[in-house]
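This report describes the fold, the domain arrangement and the ligand surroundings of one protein. The structure is shown first, and the description follows.

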Amino acid sequence: MGLKNPQWYRDSLRDGRRIYINGESIPDINENDWFKVAIKNGAEDYNYTDPATRPIRVYETEDGTEAHRIFKVPTSLDDLDKRIALTDITSGVTGVTAVLMALYNIKDDVAKVNGQYAENIERVYKYCRDNDLRADQCITDAKGDRSRHPKDQDDPDLYLRIVDRNADGIVVRGAKLHITSASLVHEQTVMPTKAMGPGEEQWSVSFSIPTNTPGIKIANRAYARPDLSPVDYPHSSHHNSPEGFVIFEDVLVPWDRVFLAGEYQLAGPLAQSLGLWERIGGLQAMVNGAKLMVGMAQVLTKYNGINKAGHIQEKIAEMVFHAEMLRMALEHSIRNYKTTPTGMVYPDPIAINVGKYYGASHYHKMVGLLHDMSGGLVVTMPLETDLENEELSKPLRKYLYTRDDHKVDDRVKMYNLIRDMTADAYGGWKLVTELSAGGGLAAQRIMTLRGYDFESAEKMAKKEAGIID
Ligand SMILES: Cc1cc2nc3c(=O)[nH]c(=O)nc-3n(C[C@H](O)[C@H](O)[C@H](O)COP(=O)(O)OP(=O)(O)OC[C@H]3O[C@@H](n4cnc5c(N)ncnc54)[C@H](O)[C@@H]3O)c2cc1C
């Protein structure tokens, strides 16, 4: 019980979980180079001794104990501000644990349908909170033919489903894809990917079980090779958390870990409980990323002596508009928070969805502007090994020189950052992730249309046209 420490986290991952990467089974992920960066960052979230971050990382629970703030259900503006500050100092491993807070908050709605499920949610939430555990968000199913419902697929397992029920629990089969930090957390927390209807009871399923439960296998994919030079890859050599393809092969889920097993009317509320919190994290990352991109463009165009050119000023202005629109959407969403009947405060969903949509749909254009301003060295800058080579170092530096008020090495560093962030393996991952993570553009369109005040817009239009209802 209580707050743990970084070494405890590392040791806790040696629990017999079945993890694979690059075609190999990994008996202890602590010993595998592909996971080193992610484990280091995940372990850092267990550092409660730093006086600078402790007040953000720790809160006092309603039971009077100390816990990681990721479990705190926000009930005030101050809580929301702290949650935003927490995201800035938290790794993906801990960030995804917000799923338990989101579930805990809808337990009263769940109780109206099945009191036992609500009790299970509360117990699992408190167990994880009080033991400082981490959980992932296993939501996205394989989905097969997208035009068909789960019940109409050729293979019924394409959406995770209940294949058996017995006195001990339910038996589930299926897969959850693209799961952030799946191999690095203690609990696989499973929710339906979408609302379900009559006839879809077996796919209406939610639960949380330990990662080492028999029948769970996780295949990992990471964008950053373990041997990346921090000089050539200033970002991705320090930030990398493999996504997991989580396979459930007839896994027994004990009844006390089940949050939903057949009551299809709860699938929608469970699926949606997390969406907003996911998108807030996504929007926050976009706000930081857009500002960073403006900074990269400013610095590099100065190094190259083009910062005052008219077309560069226009492009940088477009990047600033983008960055400021995102920042304002996030700030507006926080200041105009809403409150649920249970007292949880949450950012204005319209602002979050509009901001996330705007950021995702303009991201590729912003990357294009940055590349246009930067030129071919984004992808052809010599690597550290060549720049350090005795025979090459001098001529390479000679021709990478621009002017005497900028160091060649600084220019190399800025190009490396731009390539790493936007044009190499991480950059490619990011192009896809900006569009898909937290739900694709269609999800934000649906949520925005659902929440927008069309009534007053229509009233306004009718009044202006002189139409009397
Ligand atoms: C890096 C990364 C991390 C992620 N982390 C997580 C995570 O931790 N947990 C998690 O659960 N998920 C996670 N996701 C998954 C993410 O939520 C999904 O990628 C996203 O919801 C899109 O689903 P999909 O990938 O299956 O694409 P698809 O659903 O196949 O979408 C592709 C296109 O098909 C369209 N489409 C889909 N269905 C239909 C239809 N019926 N009719 C018409 N058009 C349709 C979509 O609108 C879209 O344009 C992550 C994704 C990425 C890239």
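Which order do the strands have in the open sheet of three strands? The order is 7-8-11, and the pairing is antiparallel. Strand 7 (187-190) and strand 11 (258-261) are the edge strands with a single partner strand each, so one side of each has no neighbour in the sheet. From one strand to the next, the twist averages 15°. The model is a predicted one, in which local features need pLDDT of at least 70 and side-chain atom pairs count only at pLDDT 80 or more, while totals for chains, interfaces and linings use all residues. Residue numbers start from 1 along each chain as its sequence is written. Strands (E, at least two residues) and helices (H or I, at least four) are DSSP runs numbered from the N terminus, and two strands pair if DSSP finds at least two bridges between them.

Strand 7 and strand 8 (residues 205-210) run antiparallel and are joined by four bridges. Within this pair, glutamate 187 is opposite proline 210, and glutamine 188 is opposite isoleucine 209. In a regular strand, side chains alternate between the two faces of the sheet. In strand 7, Glu187 and Thr189 point one way, whereas Gln188 and Val190 point the other way. All of them are buried, a term for residues with 20 or more other C-beta atoms within 10 Å of their own, the C-beta atoms being placed from the backbone. Helix 8 (residues 115-130) lies across strand 7, strand 8 and strand 11, and runs at about 145° to strand 11. Such angles run from 0 to 180 degrees between N-to-C directions, with axes fitted as lines to C-alpha atoms, for helices over the stretch in contact.

Strand 1 (residues 19-21) and strand 2 run antiparallel and are joined by three bridges. Tyrosine 20 stands opposite serine 25 of strand 2.

The protein is divided into domain 1 (6-262) and domain 2 (269-459), with bounds from an automatic or database domain assignment. Their C-alpha centres lie 26 Å apart. In total, 37 residues of domain 1 are in contact with 26 residues of domain 2, contact being defined by C-beta atoms, placed from the backbone, within 7 Å.

On the side of domain 1 that touches domain 2, the elements giving two or more residues are helix 4 (77-89), helix 6 (98-105) and helix 7 (107-113). Helix 4 supplies the largest share, six residues. By class, this side has 20 nonpolar, 11 polar and six charged residues. Here Ala, Val, Leu, Ile, Met, Phe, Trp, Tyr, Cys and Pro count as nonpolar, Asp, Glu, Lys and Arg as charged, and the others, Gly among them, as polar.

## The ligand shell

The ligand is surrounded by 19 residues, of which the closest are Ile139, Arg146, His178, Thr180 and Ser436.

Strand 6 (169-180) and helix 16 (425-436) each supply at least two residues of the shell. Both domain 1 and domain 2 give residues to the shell, so the ligand lies between them.

Conventions: Near = placed C-beta within 6 Å. Contact = placed C-beta atoms within 7 Å. Buried ≥ 20, exposed ≤ 12 C-beta atoms within 10 Å, placed from the backbone.
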